Amino acid sequence: MSAQKDLTIAEFLGDGISAELSAAVHRVAAALPIDVDFEAVDLSLERRQRDAEGAYREAEAAIRARGVALKYPTITADESPNKVLRDRLDFAVIHRPVATIPGVPTRFQGEVDLHIVRIAVGGTYEDAGRRIGREAAVSVRVIERRPSFQAAQFAFALATRLGCGVTSSSKYTIQRATDGLFEEVVSEVAAEHAGIPHQRELFDALLAKLIMRPEAYRVVVTPNEYGDFLSDAACGLIGSMGLGASASYSFDAAGSVQLAMFDPAGGTAPDIAGQGVCNPAAALWALAMLLEHSGHRGLGRALDQGVRDAIGSGHATRDLGGSLGTEAFTKAAISAMHARLTGKVPNR
Ligand code: ATP
């Protein structure tokens, strides 16, 4: 009989730098003080072209068995694997942390430590609109109560954990029916969390205020498209589009998270694939989020901070102006994580 593992992760392998990111993740997992195992599923384009249904069925079975998955970048050809997985697994909420990375140059002085929680479905991104003749078109923007509720619940639970308030943001004075429903649901959830301050902010004002006073915002919950815009705007503030991770969640009937998939921002980077030079930071942050979600909060924090410490102390891959390869950076991140875990550096 095999020994019980502390954590088993479904691992969705993709294309390009996917294999190198996976190798970095395995190296870090082996350095953790818990037993981590992986159940790999091949979602590469080659496999999907041969047997797409088999690949997705395997991925679905693996995440349903394990509860958590790490997904690496995949090529979108005929279909977007992210959309297929979202539909099959009923992902309703996306959580995207964006925080200042010490040592990464920015045009902006402030400290960003933002958690963007967005509805993963509907909004203008699933627009069932149509053209009306040559001169006009109409848009159909759908906001639903259930994913609004799940996003709000997730945001308030996160704020409770972080000891901060929640800002909900949309254009509720203009899109009165749709964003009005979203804000109504958020207010209902806010009423059940009396200890957590809740404020509403019009989305255009939020963008301006975030640039002027980023420290005033921590957890922000939005409909689908606003969360996407906000994520990119926040990434611009911290000086990097590709350095970050996000999580997608599905929920059971009682509103608890059922499945969680974590993936690094950024694409398959075909220009550098196979050279051992890609930056694994975002993949390691995805693992850190997975650890926190799986109840290993201290380890997740130590890994998250360790990667920041490594970059902040000048350990840089080529994309950040340095000369380290993927493996050398990963080793630096592991040392920094251990320094956090052993108390040499406080693990806040
Ligand atoms: P895709 O179609 O998968 O999005 P792409 O090349 O269009 O691929 P990215 O993969 O995001 O888009 O790559 C954009 C640029 O950023 C490329 O020059 C790539 O090498 C670089 N890049 C992306 N991810 C990383 C990474 N993890 N480390 C280093 N450079 C990266």
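## A sheet with helices across it

Strands β11 (residues 245-251) and β12 (residues 257-264) pair antiparallel over 7 bridges. Two strands pair if DSSP finds at least two bridges between them. In this pair, A247 stands opposite F262 in β12.

This is a predicted model: local features need pLDDT of at least 70, side-chain atom pairs count only at pLDDT 80 or more, and totals for chains, interfaces and linings use all residues. Residues are numbered from 1 along each chain as its sequence is written.

The protein has 10 helices and 12 strands. These are DSSP runs (helices: H or I, at least four residues; strands: E, at least two), numbered from the N terminus.

Now the sheet. An open sheet is formed by 10 strands, in the order β2-β1-β3-β12-β11-β4-β5-β10-β8-β9, with mixed pairing. At its edges stand β2 (36-42) and β9 (198-202). Each has a single partner strand, so one side of each is left without a neighbour in the sheet. From one strand to the next, the twist averages 25°.

| Helix | Strands it lies across | Angle |
|---|---|---|
| α5 (residues 178-191) | β8 (166-170), β9, β10 (219-222) | about 170° to β8 |
| α8 (residues 281-293) | β1 (7-13), β3 (68-71), β11, β12 | about 160° to β12 |

Angles run from 0 to 180 degrees between N-to-C directions; axes are lines fitted to C-alpha atoms, for helices over the stretch in contact. Residues are in contact if their C-beta atoms, placed from the backbone, lie within 7 Å.

Finally, the whole protein. Among contacts between residues at least 6 apart in sequence, 74% join residues at least 24 apart. The C-alpha atoms fill a box of roughly 55 × 50 × 45 Å, taken along the principal axes.

Technical notes. Contact = placed C-beta atoms within 7 Å.
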